[in-house]
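I opened my notebook to record what I looked up, step by step, beginning with a term that I needed before going further.

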Amino acid sequence: MEIFDWIRLILGCSFMICGLVIFFTEIFGIFHFNYILNRMHAAAMGDTLGIASCMLGLIIFSGFNMTSLKLLLIVVFLWFASPVSSHVLARLEVATNENLEAHCTVYTDLEALETELSLQAASSEPWQPETAAHVATAAESTGTSAGEEENQNGGETS
């Protein structure tokens, strides 16, 4: 029975250490990123995975009893609450930020985004929104020049 206790200790400690590493990575992401949505993404992802890992370590430490069930219910609640609350805050930021275009690409037309993503899927290059290469590629695929495409879209590039 002593070997089982050592295995439980090693597994529990490894999950707790993994959770702490995730938390420290989350803290680095929060202080490293400049834009609020990037910070919120780092916080929400780290929260969800870090808490789950630490709680799993605590479940292993306590054994399988009613305390484990309570810890598991806390994990389930946090897995639902953290992403939902960060999504609501992100939508609030997008709705109230007047300078959103300075931080990210805003697509008013869904077809422009779909065209960009289909061009990226056809090429082997990583996706970069609204670069000159993608405008030229989009113009070549439709048979128009980049200037003509801008005029057709009312000054917007795809």
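A patch, as I use the word here, is made of residues with over 30% relative accessible area and no salt bridge, and nonpolar side chains are joined into one within 5 Å.

Entry on the model as a whole. I noted that I am working with a predicted model. I looked up the elements and found six helices and zero strands, so I cite the definition of helices and strands as DSSP runs here. Reading from the N terminus on, I wrote the order down as α-α-α-α-α-α.

The protein exposes about 11,000 Å², of which carbon and sulfur atoms supply 67%.

Entry on helix α3. Is K70 buried or exposed? I found K70 in helix α3, which covers residues 66-96, and K70 is exposed because its relative accessible area of 54% lies over the 50% cut-off. I also looked up K70 and I59, which are 11 residues apart in sequence and 9.2 Å apart in space, taken from C-alpha to C-alpha.

Entry on the patch. Which residues make the nonpolar surface patch of about 610 Å²? I listed M66, L69, L72, L73, V76 and F80. One of them, V76, lies in helix α3, and V76 is partly exposed, with a relative accessible area of 36%.

Notes: Residues are numbered from 1 along each chain as its sequence is written. This is a predicted model: local features need pLDDT of at least 70, side-chain atom pairs count only at pLDDT 80 or more; totals for chains, interfaces and linings use all residues. Side-chain values use heavy atoms; hydrogens and water are left out. Helices (H or I, at least four residues) and strands (E, at least two) are DSSP runs, numbered from the N terminus. Accessible areas come from the Shrake-Rupley method with a 1.4 Å probe; for residues, only the protein chains shown count as cover. Buried means under 20% relative accessible area, exposed over 50%, partly exposed in between (1.4 Å probe, protein chains only). Patches are made of residues with over 30% relative accessible area and no salt bridge: like charges are joined within 9 Å, nonpolar side chains (Val, Leu, Ile, Met, Phe, Trp, Tyr) within 5 Å. A salt bridge is a side-chain nitrogen of Lys or Arg within 4 Å of a carboxyl oxygen of Asp or Glu.
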